[in-house]
Amino acid sequence: MSENSMEYNRLGRAGLKVSELSFGSWVTFGDTIDTGLAKECMQAAADAGVNFFDNAEVYAGGKSEEIMGQAIEELGWRRSEYIISTKLFWGISDGKVNLTNTLNRKYLMQGIDGSLERLGLDFVDLIYCHRPDPETKIEETVWAMSDIVASGKALYWGTSEWSADEIRAAYEIAERHHLHKPYMEQPQYNLLERTKVEKEYARLYKDIGLGLTTWSPLAGGILTGKYLNDIPEGSRAAGRYGKILESAIADETQKDRVRKLVEMAAQLDVTPAQLSLAWLLKNPNVSTVITGATSLAQLNENLGALDAKAALTEEAKAELDQIFA
């Protein structure tokens, strides 16, 4: 467990503060974690100072929200003390028209009700448009998301994997019509995936006060170094996500970079995962880094990133920046 205490950052320009490390349920809850282990992990995370728990309707076809909701109920947490998110876009209705891959008003207004029912909550703190929808006008989506916030079913809304132009357009539409504006974006961000956060969104942090809740901090496990020689049994690459990771794992240039990361972590007396997370925590534009875990041991290793952050000097960070330029 970390000796350094958790810090809390404002979610962009919002008054809300989120823990710098958060806990997400993607590819774990409902896939490899049941309610019992979910409860243990969530309580351990909360004990370490985590206050934000990330979810989405599409994770495990809705099962992830159900498991998180059951865990919260059984833990008896006070609603005022934790932050819960969900995300809408893909749907869980097997391709039915107006219920799949869309951000139209009908889908969004019904989708939030389904998520709240599965989570067993009256409202979520954060709601995201999980991907952009090229077939629905951004104006329609902005009105619907603003109305969801106005109804009290969510407190803040944002986007995930939208382009800078799409985010700015949504913000300007909301400003023009005096609607609730998007506060946060949830992009993939790690040592191997940097362009969107560091280049494309660069002007949005100051211009509109965009906050970031980043996902995939370890690039599907690649940055742990566990795929350098072979694919361990029981790992994500050995399961149904293997195809997605296949080409990345075979990239020799990338492997050389990861080997340098592993060496650097050993010099700092931290794990490669902890060092990768610490590097993310040093970015002032990142409000929170969403981590996942399939065991308490993995969760505790991730929480050790708080100690690694203290050990990561500016010189060492600059060296990492260069290795993964």
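**View 1. The second largest cavity of the predicted model and its lining.** About 40 Å³ of space lies within the second largest cavity of this predicted model. Its lining is formed by Leu 21, Ser 22, Phe 23, Val 50, Thr 291, Leu 299, Asn 302 and Leu 303, and the elements that contribute two or more residues to this lining are strand E3 (21–24) and helix H11 (296–303). Sorted by class, the lining of the second largest cavity comprises five nonpolar and three polar residues, with no charged residue.

View 2. The structure holds two cavities of 30 Å³ or more, and the largest cavity has a volume of about 70 Å³. Ten residues line the largest cavity, and those nearest its centre are Ile 222, Leu 228, Ile 249, Lys 255 and Val 258. Helix H8 (242–250) and helix H9 (252–268) each supply at least two residues of this lining, with H9 giving the most, namely three residues. Six nonpolar, two polar and two charged residues make up the lining of the largest cavity.

**View 3. The packing of helices H1 and H2.** Helix H1 (residues 35–47) packs against helix H2 (residues 63–75) at an angle of about 65°, their axes being 9 Å apart, and the crossing of H1 and H2 is right-handed. On the H1 side the contact is made by Thr 35, Ala 38, Lys 39, Met 42 and Gln 43, and on the H2 side by Ile 67, Met 68, Gln 70, Ala 71, Ile 72, Glu 74 and Leu 75. Seven of the residues in the contact of H1 with H2 are nonpolar, three are polar and two are charged.

Conventions:
Residues are numbered from 1 along each chain as its sequence is written. This is a predicted model: local features need pLDDT of at least 70, side-chain atom pairs count only at pLDDT 80 or more; totals for chains, interfaces and linings use all residues. Side-chain values use heavy atoms; hydrogens and water are left out. Axes are lines fitted to C-alpha atoms, for helices over the stretch in contact, and angles run from 0 to 180 degrees between N-to-C directions. Helices (H or I, at least four residues) and strands (E, at least two) are DSSP runs, numbered from the N terminus. A crossing is left-handed if the near helix is turned anticlockwise from the far one by less than a right angle, and right-handed if clockwise. Contact means heavy atoms within 4.5 Å. Ala, Val, Leu, Ile, Met, Phe, Trp, Tyr, Cys and Pro count as nonpolar, Asp, Glu, Lys and Arg as charged, and the others, Gly among them, as polar. On a 1 Å grid over the protein atoms alone, a cavity is a set of points where a 1.4 Å probe fits but cannot get out, and a pocket is an open set with protein on both sides within 12 Å along at least five of seven lines; lining residues have an atom within 4 Å of a point. Grid points are joined across faces, edges and corners, and a volume is the space filled by probe spheres set on the points.
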